[in-house]
Amino acid sequence: MEKIFRNLSLSSASLVFIILIGIFITLFLASKDAINEFGIGFITNPNWNKEISIEIDAKSSNETIKNSKVNEIEDFNLESDLFSDEDDIMIDDEDDIIIDEDDMLFNEDIKTTFTDYGALVPIVGTILTTLIALIFALPIAMGIAVFLSEIAPKNIAYPIGIAIELLAAIPSIIFGMWGLYYFAPIIADLVGGYQVSLLTAGLVLGVMILPFMAAITRDSMNTTPDVLKESAYAMGATKFEVIKDIIFPYSKVGIIGSIILALGRALGETMAVAFLIGSIFALPTAINSPTISIPVAMANNFGEASGLGESSLFYLALILFVISFTIISIAKLYFLKKAS
Amino acid sequence: MRLLINKIVLGLSTLSALIGLAFLGWILVTLFIKGLGSFHFTLFLNDLINGGLRNLIIGQFILAGIAAAIGIPLGMVAGIYIQEYGRGKYAEVIRNLSDIMMSAPSIVIGAFVYAIIVVPTGGTSGFAGAIALAIMMLPIVINTTDNMLSLVPRELREAGIALGASKYKVIIDIVIKAAKVGIMTGILLAFARIIGETAPLLFTSETSNYFSLDLTESFPSLTVSIYDLANEPEQSSRDLAWAASFILTVLVLTINLAGRFFTRNKKS
Amino acid sequence: MKKMLTIALASAITATTIYASDIIKGSGASFPYSVYQKWIKAYNKETGIKIDYIKKGSSKGIKDAKARSVDFAGTDKPLSPKALKAAGLYQFPAVVGAITMGYNLPDVKDLKLSRKAIVAIAAGKVKFWDDKVIAQANPGVKLPHKALTFVHRADGSGTTYNFTYFLSKASKGWRKAYGAKKALSWPGNQHIGGKTNSGVAALLKQTAYSVGYIDYADAKNNDIKMASVENRAGNYIVPTLKSFQAAAAKAKLDPKKDFYSIIADPKGADSYPMVAATFILVPSEKPEINKDITKFYRWCYTDAQEIAKSLGFVPLPKELITKIETYWDTKGIK
């Protein structure tokens, strides 16, 4: 019995290991087509779902297509190409312009174009929204934590603390809806630009991680032993000095931990950002221009993707998984090890 | 000068607390006004097909319930391993991995389950959604169990062993009992977290207009339906989305509060 | 506590096995989703028959139909008779919808957009509203010198497919460079994308000096101004149910070819150009379920026309319904 229980618990614990490895392997296999097609250059490629024409001669086999010269389709000239010949515009045979993935199933002809996918835009979008969220939330969260643990009297700090913890539990989809209909219009009025943008998405994300960050930061501040604080006060230190010289150094690890956890949440957050980021595959040119993040690219396109497009989305998922895994691991294994 | 800086800093910190609370208050007020405005008790009696939310609420509970039924026992036993049996590197590795997994993006878990269950079985299913939620829940339960067990004094265990009880008996009868309240609270909070999840369900269980207990088909989900409804053209759908959001929030907060109440009662 | 959980799990599993699903399952095109959804709801109220339709996009719908994982599938893009035969599917049209050019221009009403202007806007060639290409069709209208923002769908969709199909018909250059697509990387740098038609609607409302393609229902429900669009005959047609019907009447849908045809940009002086028919696929070997499905669509064609109209969809013309009935009859699924 003892043995059974021991083994049971060992295998349950190993399940964590198996699932994580499983996620990695599954995502890798599912994105294999895209990895083979685009390689590591996927990360720095700003195209997404972009048609590229391939120059091929009639004899060339599939192998040579890949090696042949790839040209971006040239931007057509509106004036000369359009309506140059009225009759030519009317398409008699409806079939000839039904170009889509499905037709590849029926059409054995050699492809003359291929669709290019790259991850640069969603990667940049993810990093920038997370950054904006952190910049916005960090000072406020620290303020709330200091207020709750040091400034507010116990009978106020307790209910507010509970309120903040409860707010951390509100499902993220609600932040998204609120952000789109109530928050974004105000920001757009203040800053200009679009209501859906890097900025509004980042700020709403910031509001979302705020209570979470504040609650765990407060918890780590509260771990400071009262004896330390009291002896500092006894020596005539002001509250600020106690916070700066006693509490912050003592609870540094916890605070960094809380920031990292919030970062992890912000990186992978889907629903709050999906309503607000604008969802276009274009690098943001300004803080108030729309773009897209990895989770949103997945949420928007997974349902209807197939073939190389689906594989590329899995590739995106793999990248997101690796990024968040790396950040959190560095934090855990570096900061926390160092502190303990 | 010192006093002035002190005042400024304390003032700033209070101010930022107020700003933070104002934001969060704003969201709640919006939610209550919009949600209560379109709330009606008949929402609990009709399914989505007839303009209600009954099937969605029940469906969400079933999904989260099955996830809990899978995630809680596994997570607890795994937590016990890390705290009670594990020695040296391996337990430490699992502990770290579990911590990391807690922060794994939920949409990635959705994509994972999509690849291992939805694709092979040929379609979305309630089962796939429940598995995705269970994977989300597992590390949270492990973490809670691990933490709570670590608070149980060593003497208790030693006393048990000294009485001649076997180790697993000591763990189940003494250690778990001592940490029960904390673990229960943690589990309730974990449940509250997964019941509000949308992203892992988007392509695993999707949602359904009808009441269903068939876990092999697309399964009704409150959160996924909120996302769909918020994107439909008619104002009535969006109102329903707000009402559903309101119900979801009340639900999550109630479970949360229940967890806290539970802890407080047992402590006193 | 563990016992409780085990019991809960066990009972959940037994409940699942006892409970047999009696839902007719469909999936596919998102373009007609809103009207299907309303039809399904009304039909359920009237008959108690349960139908579920999940919007996954046309290509996944086609896949599902081929894999027989659904009872019927919706697609915006018809399959050729050859492809249908290979996959063992029957096909018939369900409803006709229209796409409009919604715009947000304070102080401008009754905007007219030529075919050329629409292509130019979509191609990212129009920087400002007072560009010649727009101004030409709008004499007497004071167009502002403001940057134009083009709003499009960010997710893959049948609406985008039908819109780009129209563009391909309107412009050889477009056809060569982009073709008809469910999703594409839009050229230029003055565009933003919204998820689903409602997302586009929200963006159009929020963004001053924007223009975008959007289905009629969403535009109407959101009070978005819709431009008149130049049709094949060179007339500017206001998007109304009547002009959509005029377009639908010109549709050449032939039952002998399994209705394989795309109706965009029809002839006719009064036809609104940006219209699209959407189709239903059913597996040929399941006549019993197919009869339930055709019964549902017969009801949609006749009894539920008003529902379609209320959402800006065009009920199929009478002659076409007769043709479909005959088609069902010959296939033994009536």
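The model is predicted: local features need pLDDT of at least 70, side-chain atom pairs count only at pLDDT 80 or more, and totals for chains, interfaces and linings use all residues. Residues are numbered from 1 along each chain as its sequence is written, while chains are lettered from A and ligands numbered from 1 in the order in which they are written.

Reader: What is the mean pLDDT of chain C?
Author: pLDDT is the predictor's confidence in each residue, from 0 to 100. In chain C, 94% of residues reach 70 or more. The mean is 86.

Reader: How many residues does domain 2 of chain B give to the contact with domain 1 of chain B?
Author: Domain bounds come from an automatic or database domain assignment. Chain B has domain 1 (1-38) and domain 2 (42-267). Two residues are in contact if their C-beta atoms, placed from the backbone, lie within 7 Å. Domain 1 of chain B gives six residues, and domain 2 of chain B gives seven.

Reader: Is Glu206(B) buried or exposed?
Author: A residue is buried if 20 or more other C-beta atoms, placed from the backbone, lie within 10 Å of its own, exposed if 12 or fewer, and partly exposed in between. Glu206(B) has 28 such neighbours inside 10 Å, so Glu206(B) is buried.

Reader: What is the phi of Asp265(C)?
Author: Most residues other than glycine have a negative phi. Asp265(C) is not a glycine, yet its phi is positive. With 24 C-beta neighbours inside 10 Å, Asp265(C) counts as buried. Its phi is near 55°.
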